[in-house]
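Please read them alongside the sequence and the coordinates.

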Amino acid sequence: MRDQFGRDLRDLRISLTDRCNLRCIYCMPAEGIDFRPPEELLQDDELLLLVRVAADLGVTKVRLTGGEPTVRRGLVELVKNISGTGGIEDIAMTTNGLLLEHLATPLARAGLRRVNVSLDTMDPAKFHRMTRGGRVEKVLAGIAAAAAAGLAPIKLNAVVVRGFNDDDVVSLAALTLERPWEVRFIEMMPFGSVGDFAEAGVVKSEETMAKIEAALGPLAPLDLSGQDPARTYRFAGAAGRLGFVSPVSQPFCAKCGRLRLTADGRLRLCLLRDDEADLLIPLRRGASYEEISEIFRAAAFRRPFGHALAEKLFPQARVMIQIGG
Ligand code: SAM
Ligand code: SF4
């Protein structure tokens, strides 16, 4: 499956829920967010049908996200069924890691290959502030459990926010000296009601990288091709690597082949645009497999080229917790 710009579409990110056991400052407002009633979210059978449609159209990689995917009921069974879908070669998950301590092994057995765990800081007080109440020790235990369960490679995601964790990038980067992990620094993106906050507090990758190199020494490039959104580097002799994801300062739209399915059954055509196609209503109206497949394919084809952050335009309809990153 390709879009109108010829980009190959093999990567589907599925949001399993719009709920979360954290409340990160860049992902949702402090209050005033409307969670969908459960009946307006994709049920397991509906989701599995859409995965089959996607796989038949050429999707090979699935990433489960949210909200927090580990709070979804029946997650292990769902992973098992997705991994049993013909054509799906790789299942990964982006998680805050809080519940991984007990879920990592059953998920690995069900067919999950890899996890990206969000970790903005290892400082307990700063973590508590950025997540509005989270305990970092639980996340660290979750990462250890993921490593023990063989979920590899482990990637850690840190959104860098000025005044909150911009001094913590050095200790996070230093983790890669000893551990075979990829620590990724992400530029904060503006969405809806947290858009102004994000624009004011964004730290560009160049600044993050300069701070890290000043403290820990030079970084050698590994992959700057743009095939992966992260540009990766390594310290001499390090076990792991660093990634810089720079949607604001160095957009990678030209090589983006990602589609997103929201928990309420919309195919989102670009993370940073409000364009979506509704799949839930046709599913519930009893549309045939062929009809759903055609809606999916046609929507994917009309993906916009990319975002318009340079023109100061950002999506208004949803914040990140309602999309799935
Ligand atoms: N709850 C899971 C987690 O935190 O990993 C999965 C969902 S979360 C929306 C996915 C990723 O999006 C996380 O790594 C999070 O840090 C990132 N994210 C959320 N809001 C963001 C923003 N405004 N800009 C950049 N990244 C953001
Ligand atoms: Fe929850 Fe993840 Fe958003 Fe934090 S980034 S509020 S953990 S969905």
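1. A residue is taken to be near a molecule if one of its heavy atoms lies within 4 Å of it. On that basis, ligand 2 is surrounded by C20, L22, R23, C24, C27, G67, N96 and I321. Sorted by class, this shell holds five nonpolar, two polar and one charged residues, where Ala, Val, Leu, Ile, Met, Phe, Trp, Tyr, Cys and Pro count as nonpolar, Asp, Glu, Lys and Arg as charged, and the others, Gly among them, as polar.

2. This is a predicted model, in which local features need pLDDT of at least 70 and side-chain atom pairs count only at pLDDT 80 or more, while totals for chains, interfaces and linings use all residues. Residues are numbered from 1 along each chain as its sequence is written, chains are lettered from A and ligands numbered from 1 in the order in which they are written, and side-chain values use heavy atoms, with hydrogens and water left out.

3. How many disulfides are there, if a disulfide is a pair of cysteine sulfur atoms within 2.5 Å? The count comes to zero; for C256, the closest cysteine sulfur is that of C253, at 6.8 Å, which is too far for a bond.

4. With buried meaning under 20% relative accessible area (1.4 Å probe, protein chains only), C24, from the shell of ligand 2, is buried at 15%, and C256 is buried at 14%.

Technical notes: A disulfide is a pair of cysteine sulfur atoms within 2.5 Å. Buried means under 20% relative accessible area, exposed over 50%, partly exposed in between (1.4 Å probe, protein chains only).
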